[in-house]
Amino acid sequence: MSLSAFQDYLFMERMASAHTIKAYLRDLHSFEDYLKVDHQVSVDSASYVHIRSWMVFLMDQGNKHQTINRKISSLKAYYLFLLKAGLLSQSPLEVHQSLKSRPKLSLPFSLNEMNTLFDTWDRDFSELGFDETRNRLIIALLYGTGIRRAELIGLKIIDVDIERAQIKVLGKRNKERLVPLIESLLPLLRNYFTLRSQVVSDTAIPFLLVKSDGRKLSDSFVYRLVNRYLSEVSSKEKRSPHMLRHTFATHVLQSGADLNSVKELLGHTSLAATQVYTHNSIEDLKKSYRGAHPRSTKK
């Protein structure tokens with residue numbers, strides 16, 4: 001079976017992200033290469049014995065249980081696709097149990113570290129240039145809303161409603177959600193809009209956060225930016241956009257937000273995904289969120 005058909009299935013039916021599809025195909029190609037060298041069978045005709053042999057090989061290569069489980073998940077998805085297509089009568093992974101792995105704990109940035117960063121910023125944003133205003137807005141949005149890096153990059157001008165103090169976010173599987181904005185984000189956003197209209201001449205460019213020439217931001221640009229700013233206040237090894245999302249969730253939960261509210265804000269499909277950081281209407285969500293976020297202006 002051609003892997004291109006599986007790729008189409010992931011994109012069209014599973015609505016998987018480009019990153020997820022790339023990871024699945026990389027794992028399948030890795031298994032395929034192993035089978036060609038050691039067993040001379042195809043991925044489609046591989047048995048559980050072949051898969052267990054590959055797992056042992058991966059362990060010998062120094063891969064952690066968590067990494068191996070992820071690779072096996074890619075195989076599971078592929079065999080499920082073959083079952084649905086009627087090209088396989090039984091998955092070789094039907095009786096497989098995942099390897100036990102110790103939960104990976106990531107330390108969020110402390111409240112003191114985040115306050116130190118924001119306290120170094122001049123509150124008068126009107127004196128800043130376009131690039132610095134955009135850069136600060138990126139950090140403030142990631143920590144102030146908990147959105148993912150891809151969601152941040154994909155934000156469009158029409159998604160921002162300053163009057164209602166909220167943004168519309170397109171999350172995984174094209175699921176939209178409304179995320180409220182804390183008060184301290186609004187003046188930074190207003191100033192950025194003013195500068196953007198002066199710097200970016202092409203009014204047809206839809207994305208909110210762009211470079212001075214109008215180009216859309218890249219994943220690596222946002223990662224390097226976050227890493228650079230957070231390195232000024234933290235010695236932690238992980239200084240990524242995801243760590244700001246992790247920090248957001250941790251801080252609002254510690255400040256009293258309920259788990260369901262944080263689940264909605266993060267765009268999780270289940271509470272299980274949100275619990276690692278231990279009112280469903282947008283208005284209730286705003287009230288709970290603004291009162292709990294440590295950088296919210298409390299009246």
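The model described here is a predicted one. Its C-alpha atoms fill a box of roughly 65 × 45 × 40 Å along the principal axes. Of the 299 residues in the chain, 45% are buried.

Helix 1 covers residues 3–12, and its buried residues are Leu3, Phe6, Tyr9 and Leu10. These four lie on the same side of helix 1, because they cover an arc of only 110° around the axis. Phe11 and Met12, on the other side of helix 1, are exposed. What do the buried residues of helix 1 pack against? Their partners are helix 2 (18–38) and helix 4 (65–84). Ser4 also belongs to helix 1. With a relative accessible area of 41%, Ser4 counts as partly exposed, because that class lies between the 20% limit for buried and the 50% limit for exposed. Between the C-alpha atoms of Ser4 and Leu25 the separation is 9.3 Å, although the two are 21 residues apart along the chain.

Two packed helices are described by the angle between their axes and the distance between the axes. For helix 2 and helix 4, the angle is about 95° and the axes are 9 Å apart. Helix 2 is therefore roughly perpendicular to helix 4, since angles from 65 to 115 degrees fall in that class. On the helix 2 side, the residues that take part are Ala23, Tyr24, Asp27, Leu28 and Phe31. They meet Arg70, Lys71, Ser74, Leu75, Ala77, Tyr78 and Tyr79 of helix 4.

Next comes the sheet. Strands of a sheet pair through backbone hydrogen bonds, either parallel or antiparallel. Here, three strands make an open sheet in the order 1-2-3, and their pairing is antiparallel. At the edges stand strand 1 (160–161) and strand 3 (176–180), each of which pairs on one side only. Strand 1 is joined to strand 2 by two bridges, and Val160 has Ile167 in strand 2 as its bridge partner. These two strands form a hairpin with four residues between them, and in the turn Ala165 has a positive phi of about 55°.

Is Glu151 buried or exposed? Glu151 is buried, because its relative accessible area is 4%, and buried means under 20%. Leaving aside neighbours within four places in sequence, Glu151 is in contact with Val169, Leu170, Gly171, Lys172, Arg177 and Arg245.

Finally, the nonpolar cores can be considered. The largest has 59 residues, of which Ile138, Leu209, Val222, Leu230 and Leu244 touch the most other members. Two or more residues of this core come from each of helix 5 (111–119), helix 6 (130–145), helix 7 (149–154), strand 2, helix 8 (186–199), helix 9 (219–231), helix 10 (241–254) and helix 11 (259–266). Which helix gives the most to this core? Helix 6 does, with eight residues. Not counting residues up to four places away in sequence, Leu244 touches Phe109, Met114, Ile139, Leu142, Tyr143, Val226 and Leu230. There is also a second, separate core of 29 residues, whose members include Ala16, Ile68, Phe81 and Leu99.

Definitions and conventions
Residues numbered from 1 in each chain as written. Predicted model: local features only at pLDDT ≥ 70, side-chain atom pairs only at ≥ 80, totals over all residues. Heavy atoms only, no water. Buried < 20%, exposed > 50% of the residue type's maximum accessible area, 1.4 Å probe, protein only. Arc of directions from axis to C-beta. Contact = heavy atoms within 4.5 Å. Pairing = 2+ DSSP bridges. Core = buried A, V, L, I, M, F, W, Y, C linked by side-chain atoms within 4.5 Å. Axes fitted to C-alpha atoms, helices over the stretch in contact; angles between N-to-C directions. Parallel < 35°, antiparallel > 145°, perpendicular 65-115°, else oblique.
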